[in-house]
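Me: I want to go through the labels on this model one at a time. Tell me what stands behind each of them.
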Amino acid sequence: MDSMYSGPFHRKLPEKPGMKKLKVEFNGERIAGFYIVLDARSPEEKDLDMASGKLKGDVFVFLHGHGQRPTDLYKFTSRLAMGSRSGIVIVPVCDTPYGDDKNWIGDRGKDVILMEMARYVLYGMGIDVYGYEPMVDMEIVVDSKEMGKNAYVEGVYAKAGITAVGWSHGGVLARRLAHAYPASIKSIAQMCPAGYGTWTTTGLLLKFFREALFISRLMLEGYTTDVLGSALGITRGVVGDIVRAIPSGIMQRRPYKILRPWVDISDAAVLLDDSNMELRGVENIVVIFGADDSLINASKQAGIKDPMNPKEEEIMAFWERFYPEELSRGVKLSLKILPGNHLGPATHTDVYLDAVLRGTGDMVEKT
């Protein structure tokens with residue numbers, strides 16, 4: 001795949017990425033982690049990074065929605081790697097944590113695991129994360145390598161910050177990670193994000209099924225591959241999590257671990273704002289809603305009466321409601337209502353990509 005943003009170098013990525021699996025040990029359990037790493041840098045760029053001891057921009061960590069696999073939405077993540085200044089995107093996914101200490105199950109456990117997976121991958125590339133401080137004094141092992149505060153690596157030649165980009169439930173994870181690691185994550189971008197309303201778990205499921213019906217109509221409009229790919233990804237993800245939970249629960253005498261997917265959905269049904277998830281270190285925040293998204297609705301969640309014609313006072317009210325501290329600190333804020341439904345990043349990739357890269361200030365110069 002050639003770059004749509006050539007910049008000063010010619011970048012390339014494979015047409016199909018290879019997904020890798022990791023074994024993660026945390027909070028008294030072993031769970032499965034999966035990832036892809038997209039490094040679009042040319043050999044010349046890598047040499048310059050090594051010589052300077054830092055990357056030209058942040059590494060993007062892309063966080064998927066419920067049940068998706070790392071290879072899903074590759075049309076977006078590959079172009080994100082091509083178009084970002086660093087040229088690197090990591091897409092980590094893990095099963096829902098459900099270990100000994102109940103304070104670290106669900107998304108709070110993912111805060112730890114996803115960051116340590118990203119650090120593990122970056123260490124393998126010779127890259128360390130700026131300002132990393134562990135959020136819990138608990139052992140975490142990724143593929144037999146101790147991570148967390150005790151991680152020891154050789155061959156690190158460069159440092160980089162992180163920009164967290166999340167889609168759907170991943171939007172919640174992006175904000176959570178930026179809250180948990182304020183010195184490492186300087187920008188977040190949320191696409192069709194959860195976290196801006198409160199639902200019951202059952203209510204959110206019903207909304208998801210309704211949106212799925214709307215999305216299915218796109219197959220009549222030339223988006224068959226995108227629709228089927230998303231549906232297949234969710235099916236694989238949820239079924240895989242349940243299947244892996246059964247033997248894990250039996251071996252650890254925890255049959256209730258089969259409830260992990262339900263916990264995962266529940267974590268997407270919460271409201272996040274500065275009262276529970278302030279972002280002390282961010283410099284850029286991008287929030288994107290799909291104009292026709294019935295699952296995460298711009299009118300209900302963001303208070304935008306006419307999604308295609310948002311008013312300045314409505315946009316300001318959104319920031320005052322959900323990000324008052326960041327607004328007062330002068331953080332660069334970008335709220336967009338873009339075409340498409342909940343599958344917008346797949347069906348309208350270029351406009352979502354452009355909004356993410358411009359809003360985070362991390363777009364490589366086009367030539």
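Reply: Start with burial: buried means under 20% relative accessible area, exposed over 50%, partly exposed in between (1.4 Å probe, protein chains only). In α2, the buried residues are Tyr74, Phe76, Thr77, Ser78, Leu80, Ala81, Met82 and Gly83. Helices here are DSSP runs (H or I, at least four residues), strands likewise (E, at least two), numbered from the N terminus. This is a predicted model, where local features need pLDDT of at least 70, side-chain atom pairs count only at pLDDT 80 or more, and totals for chains, interfaces and linings use all residues. Residues are numbered from 1 along each chain as its sequence is written, and side-chain values use heavy atoms, with hydrogens and water left out.

Me: What makes helix α2 mostly covered?
Reply: The count does. Helix α2 spans residues 74-83, and eight of its ten residues are buried.

Me: Why is Leu357 called buried?
Reply: Its relative accessible area is 0%, so Leu357 is buried. Leu357 sits in helix α13, residues 349-360. Leu357 and Leu80 lie 277 residues apart in sequence, yet 7.9 Å apart in space, C-alpha to C-alpha.

Me: Why is Asp143 called partly exposed?
Reply: Its relative accessibility is 33%, so Asp143 counts as partly exposed. Asp143 lies in the loop between β6 (140-142) and β7 (145-146). Its phi is positive, about 50 degrees, although Asp143 is not a glycine.

Me: Is Ser168 buried or exposed?
Reply: Buried. Its relative accessibility is 15%, so Ser168 falls into that class. Ser168 belongs to the loop between β9 (162-167) and α4. Phi of Ser168 is near 60 degrees, a positive value in a residue other than glycine.

Me: Why are α3 and α4 called roughly perpendicular?
Reply: Set the angle against the classes. Helix α3 (residues 107-124) and helix α4 (residues 169-180) pack at about 70 degrees, with axes 10 Å apart. Axes are lines fitted to C-alpha atoms, for helices over the stretch in contact, and angles run from 0 to 180 degrees between N-to-C directions. Under 35 degrees counts as roughly parallel, over 145 as roughly antiparallel, 65 to 115 as roughly perpendicular, and the rest as oblique. Therefore α3 and α4 are roughly perpendicular to each other.

Me: Which residues of α3 and α4 meet?
Reply: Contact means heavy atoms within 4.5 Å. From α3 come Asp107, Arg108, Lys110, Asp111, Leu114 and Met115; from α4 come His169, Val172, Leu173, Arg176 and Leu177. By class, the contact of α3 with α4 has five nonpolar, one polar and five charged residues. Ala, Val, Leu, Ile, Met, Phe, Trp, Tyr, Cys and Pro count as nonpolar, Asp, Glu, Lys and Arg as charged, and the others, Gly among them, as polar.

Me: How far does α4 reach from its first C-alpha to its last?
Reply: α4 has twelve residues and reaches 17 Å, close to the expected 16 Å at 1.5 Å a residue. The expected span is 1.5 Å times one less than the number of residues. α4 is also mostly covered: eleven of its twelve residues are buried.

Me: How do you know where the model's confidence is low?
Reply: The protein averages 85, and 80% of the residues score at least 70. pLDDT stays under 50 over residues 218-224. Residues 231-237 also stay under 50. Where pLDDT is low, the predicted coordinates should not be read in detail.

Technical notes: pLDDT = per-residue confidence, 0-100.
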